[in-house]
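Dear colleague,

I am passing on the structure below, together with some notes on its charged side chains. Please look through it before reading on.

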Amino acid sequence: MKLVRKWSHNYYKSFSFVGLIFAILFFAASVTPSLLPRTMLFQGLLSGFALAIGYGVGEAVMRIWEFLEIPSPAQRIQKALKTLVGVSAVAVFGYYLWQMAFWQNSIRTLMQMPEIESAYPTTTAAIAIAFAAFLVGISRILKVASRSISGKLGRYLPRRIAFGISLTVVAFTVYFIGNGVIGKALLNAADNFFLAADELVDDDVEKPSDPLACGSDTSLVKWDAIGRRGKNFIVNGPSAKNISDFWNAESKQPVRVYVSMRSTESSRDQAKLALAELKRAGGFDRSLLVVATPTGTGWLDPGAVDTIEYMHRGDTAIVSMQYSYLPSWISILVDPDKSIRSARYLFEEIYGYWKTLPPDKRPKLYLHGLSLGSLGSEMSAAWYNVLEDPYHGALWSGPPFASRNWATFTQNRNPGTPAWLPRFRDGSLIRFTSQQNTLQQGERWGPIRNVYIQYASDPMTFFSPDLLFHKPEWLIGQRGPDVSPYLTWFPLVTFLKIAFDLPMALTVPEGYGHNFAPTHYIDAWVSVTGLENWQESDTKRLAEMIKPAIP
């Protein structure tokens with residue numbers, strides 16, 4: 001026991017006091033509200049990261065202090081300061097743990113979620129400390145390795161040069177192992193997992209018997225080559241009878257075309273196949289044609305696609321193609337340009353044929369994209385290619401933070417409008433909307449109507465590397481109706497919190513986070529397509545019919 005106590009004492013003494021203080025402060029900041037409510041496990045892992053980073057920052061401060069040779073206070077004053085700061089840090093730690101449930105409920109209430117009685121602060125703290133200890137342990141191993149290399153090189157080289165070389169060697173080794181080995185292995189595992197999920201077929205999804213349907217026996221797209229997302233899209237949309245019942249009048253069977261990654265060997269071939277299938281199915285004979293770019297997994301939100309088919313009585317065609325198996329929040333970190341390339345190939349094929357048709361005999365052409373699909377869709381139609389013969393409009397929901405066009409419109413918004421709901425110029429080209437329909441605020445619509453649906457609580461939209469050291473504009477002034485009034489920006493920590501929100505973006509109710517409500521799609525489509533004689537009662541009836549969004 002004496003040996004254990006001695007080891008424990010020495011291990012405790014090995015920690016930097018300043019590092020521990022910074023770790024506690026970072027932990028406290030990590031349990032304050034983020035954009036979305038968090039589970040105990042996610043909060044524990046997030047706080048563990050914050051603890052480890054805070055400790056590292058504290059140690060760095062001390063190293064800089066020592067390097068600058070700033071005199072330290074007298075020993076007596078140091079002891080008094082340590083006691084005062086230590087007691088204060090412990091008090092802060094306890095207070096912030098005690099406030100966790102209150103802060104989580106400040107988000108849940110806004111999102112109409114049941115309040116929690118406890119955020120399990122003790123368990124959360126235990127998870128955080130264990131995870132932080134693991135991370136600090138790894139950093140100490142790397143530090144020992146660096147010192148060992150530096151010591152051996154120091155026999156032949158000046159001390160500072162030896163230290164620099166050793167640090168570089170360790171850094172490159174960590175990067176190679178982390179990114180080239182571990183990162184690649186995790187990415188391959190995720191890709192294989194979601195590929196296997198895409199190959200699964202729901203029990204109620206059967207091969208279509210209609211010869212005009214995509215994937216049928218006469219289709220150019222083989223049913224067996226279509227993934228789960230594509231099959232659900234093709235089969236589970238509204239039928240002509242469903243639409244006729246809604247309107248109490250005869251309606252058409254909507255045209256849906258979907259080409260999966262397994263259908264061809266390249267994205268260009270996918271696009272060519274999609275065009276050929278769309279022509280075969282009679283898509284260009286409809287009054288309205290939508291080129292839709294799906295999410296990273298290849299999913300198309302029923303709230304977006306089913307609604308427009310009902311609204312236009314089935315006289316529609318929607319064409320889409322898959323570019324990934326991974327969720328958008330992973331794809332955007334790995335290869336965000338993949339969605340752009342895929343969307344551009346598809347648009348070029350569809351648009352290239354569409355513009356050869358007589359203007360009075362071709363369908364109105366629209367674009368749509370959700371999440372990473374929004375990024376691909378908005379970049380697919382370069383203005384210099386469509387200026388002479390433009391498409392009619394676009395509906396983009398949940399634009400991701402990497403979206404350049406979206407960022408340009410937001411940064412150049414009209415003065416006085418918030419970053420989470422900007423107004424751009426006179427609203428004739430671009431409009432933004434959220435939970436409350438704000439699409440009637442523009443003076444007039446131009447020939448092209450483009451609408452962004454975004455929620456202030458969506459981390460996919462409002463995450464940014466700038467969060468590391470800059471307070472975001474969406475936290476300045478009036479904040480979104482679904483953002484906690486207690487959300488405060490902290491350097492480093494807020495970046496970490498919003499990053500941890502990304503995989504949780506779909507776990508909240510419809511109308512919040514990255515989970516879009518059919519009602520908001522309906523309002524947007526009415527505005528984008530210029531639908532006349534549409535009533536609020538129609539919106540309510542239709543929203544009740546659309547299945548909940550389950551990506």
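What follows is a short account of the salt bridges.

This is a predicted model, in which local features need pLDDT of at least 70 and side-chain atom pairs count only at pLDDT 80 or more, while totals for chains, interfaces and linings use all residues. Residues are numbered from 1 along each chain as its sequence is written, and side-chain values use heavy atoms, with hydrogens and water left out.

With a salt bridge taken as a side-chain nitrogen of Lys or Arg within 4 Å of a carboxyl oxygen of Asp or Glu, the count comes to eleven.

One of them joins the side chains of Lys-241 and Asp-245, at 3.0 Å from N to O; both residues lie in helix H9 (residues 240-247), four residues apart, or about one turn of the helix, where helices are DSSP runs of H or I with at least four residues, numbered from the N terminus. Lys-241 and Asp-245 are both exposed (exposed means over 50% relative accessible area, buried under 20%, and partly exposed in between, with a 1.4 Å probe and protein chains only).

Another salt bridge pairs Glu-349 with Lys-272, their closest N and O atoms being 3.3 Å apart. Because Glu-349 lies in helix H13 (residues 337-354) and Lys-272 in helix H10 (residues 267-280), this pair ties together parts that are 77 residues apart in sequence. Glu-349 is partly exposed at 22% relative accessibility, and Lys-272 is partly exposed at 47%.

In helix H20 (residues 536-545), Arg-541 and Asp-538 are three residues apart, about one helical turn, and their side chains meet in a salt bridge at 3.4 Å, N to O. Arg-541 is partly exposed at 37%, whereas Asp-538 is buried at 10%.

Finally, salt bridges with shared partners join Arg-256, Asp-306 and Glu-309 into one network.

Best regards

Terms used
Helices (H or I, at least four residues) and strands (E, at least two) are DSSP runs, numbered from the N terminus.
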